[in-house]
Amino acid sequence: MSEILWQVLQHVQGYIYPNEVEVNWSVLIALYPYITGLVAGAFIVASLERIFKVEAVKPTYRLALLTALAFLLCAPLPLVAHLGHPERALEIMMTPHLSSAMAGFGFVYAWYLMAVLLIELYFDYRKDIVMWSQEVGGIKGFIYKILTLGDYNISDEAVKADNKIVNIVTVIGLPSAAFLHGYVGFIFGSVKANHWWSSPLMPIIFLFSAMVSGIALVLLIYIVSSYIRGVELDRACTDTLANYLLYSYLLDLSLEFMELAHLFYTQEEGIDAIRVLITDKLFWTFIVIQVFLGTLVPIFLLIIARTGIFKFNVRKWIYIFVTTLTLIGVFAMRWNVVIGGQLISKTYLGYTTYIMPLFGPESLSLALAIWILPFIILAVLIKLLPPWEHPHEWEKTEAE
Amino acid sequence: MVSRRKFLAIIAAVAGFASFKRKVAAQEPVEGYDWNKHKYAFVVDTTRCIGCGRCVRACKIENEVPMKPFYFRTWVERWVWLKDEEGPKVDSPNGGFDGFPPTYDERMISKSYYVPKLCNHCDRPPCVQVCPVGATYKTKDGVVLVDEKYCIGCRYCIQACPYGARYLYPADGPRETRRNTADKCTWCYHRITRGYKPACVEVCPVGARKFGDLMDPEDEVRKIIEERRVQVLKPDMGTLPQVYYIELDSEVR
Ligand code: SF4
Ligand code: SF4
């Protein structure tokens, strides 16, 4: 690390406090809100079907839940990998210091994983699992037997009861998902020492960008997995998801605009430093990637797609392009918040630079590895709990 | 704190741990020291500091702060106002460790001064508030400390400190137990609890740094704070710093 700091020192501009050369929250901490955002967003997609009865997106309901789980399982990884003393990580739950926003992470996380996502998945899949446990043998069958948790009752009443539980859990789950990610935004927004972060809007902005990224991720995975499975895309589902992507984009855009407008209109101390931060230090990642490629272009394309002037076949490609841009753009947003906020000195008189190591702790390669892992987990989950092969009653009737 | 301890006890009991170790102060005070009888404060006289950097050197040696130019428990800044120029020029080469080279043309300077900086041991310390495990804590005598055996190295406190007073003790730093934990000025807690002054105060040749006890009516620092016009850094942050500056320019932050 020190070698990199020598390099960074050459790039320091203006006056920063001497301890500020090092960017303390690295790429891993940018990855952390990105991943939790995807979890929250994916869960919200699933809830659309459950709570708001958006029939069209049913084909992605279970896929969205599995996606949320796969990413949630990886959400603590960047945090733990980043700690100076990862072996003490559990202290955050054993001896939480309750005035700290961060101390809640373990509990919020555990609540969301244990009390919401796993329960919802279990009851949603219970009937299928019981059936699979009777049909399939070998190791897989054994896993299903464990997953039944010993409850083999799949009478109509039992399944109805399951359904009720899922509905209730979803109702609890939606605010939980919002809280999980809004809370991550609060961790940044409550740091008053940092002008770029300190904003009560931060949790809400985080939440809406989470929805944007989550919808994009589920849509992209749905399109790609359908291609891999060689099945037709459900047009209504794809278009509806794209519409929701557009709506959340518009909300997200207006929130971010309000935030910036507030910053520039109030002209508080440090505004000049922030201006330089945006127009110079973060020019590429903020103006070009986040705002232009990651927000304006997708919104424009989604509006075009919505007009219906293109055939579904073309729209599909637009969606693939848009969702990819979205995923990049939202990561850029996390990057600009986390890394950007640390480039600007608390003196407001200077800037440091972030040099990301390629290998080693807190490096690009580690971040990539953590980013790929949820996809591998998702692939395993999909193999084990196919979100499509044993459709629910409603899916069957729809298919007929 | 009490409820938290209770909470710990419950957790410990539930988890079935026979003994549950709670933190030992990182800088253990001397035996017989009573922290209820002191309330410390620090005064910096910006009219006196000459930017020699002795305090920075003394601090690094006394507290095993790595000698690299990225880690400081205390540093000295030079603030220079040039004629016909808006805004100050500020620098602190290597934290002022080697003193300051004469960078500016004397005739162009309208005013200039040195500002020694250190942890402000805020009365409302954001670093303590945000520490998720309570490794950063405020003692009864007013000192903010980090328990190196407890810190998980999350660096939230570093982000929260408005004064850049904290840094992460590097993995190759000389003091093994402190590696990868947050570190910052302790007002030399190991010295002051034994009745000595902090190292930087001790070595300052011009008395620009003063350390004292507000509970002692005869104390020089207490008198200065009571009688003179003093100012703290970034008062708008609401952190209630306990390092008071004599004749501080409002631009300094
Ligand atoms: S100056 Fe910074 S490190 Fe010191 S008590 Fe205040 S917030 Fe904490
Ligand atoms: S780095 Fe250590 S002292 Fe600072 S907030 Fe994290 S655990 Fe607390």
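Biologist: Where does the charged end of A:R229 sit?

Modeller: A charge counts as sitting over a ring if NZ of Lys or CZ of Arg is within 6 Å of the ring centre and within 35 degrees of the ring normal. In this predicted model, where local features need pLDDT of at least 70 and side-chain atom pairs pLDDT 80 or more, while totals for chains, interfaces and linings use all residues, side-chain values rest on heavy atoms, without hydrogens and water. Residues are numbered from 1 along each chain as its sequence is written, with chains lettered from A and ligands numbered from 1 in the order in which they are written. Here the charged end of A:R229 is placed over the ring of A:W388, at 3.9 Å from its centre. In another case, A:R62 lies over the face of A:Y125, with 4.0 Å to the ring centre.

Biologist: Which side chain meets that of A:R62 in a salt bridge?

Modeller: Side chains of opposite charge can pair when their charged atoms come close. The criterion is a side-chain nitrogen of Lys or Arg within 4 Å of a carboxyl oxygen of Asp or Glu, and over all chains the search finds 32 such bridges. The partner of A:R62 is A:D128, at 2.4 Å from N to O. This pair links distant parts of the chain, since A:D128 belongs to helix 6 (residues 105-135) and A:R62 to helix 3 (residues 61-74) of chain A, 66 residues apart; helices (H or I, at least four residues) and strands (E, at least two) are DSSP runs numbered from the N terminus.

Biologist: Is A:R62 buried or exposed?

Modeller: Relative accessible area decides: under 20% is buried, over 50% exposed, and in between partly exposed (1.4 Å probe, protein chains only). A:R62 has 3%, so A:R62 is buried, and A:D128, at 5%, counts as buried too.

Biologist: Which residue forms a salt bridge with A:R315?

Modeller: That residue is A:D239, with the closest N and O atoms 2.8 Å apart. Because A:R315 lies in helix 13 (residues 312-343) and A:D239 in helix 10 (residues 235-266) of chain A, the pair ties together parts that are 76 residues apart in sequence. A:R315 is buried at 12% relative accessibility, and A:D239 is buried at 18%. In chain B, the side chains of B:R178 and B:D183 meet at 3.9 Å, N to O, and both residues are buried. Salt bridges with shared partners join B:R178 and B:D183 with B:E64, B:R73, B:E148 and B:R175 into one network.

Biologist: Which residues form one aromatic cluster?

Modeller: In chain A, the cluster is formed by A:Y34, A:F71, A:F331, A:W335, A:Y354, A:W371 and A:F375.

Terms used. Rings of Phe, Tyr and Trp (its six-membered ring) pair if their centres lie within 6.5 Å; planes under 30 degrees apart count as stacked, over 60 as edge-to-face and the rest as tilted.
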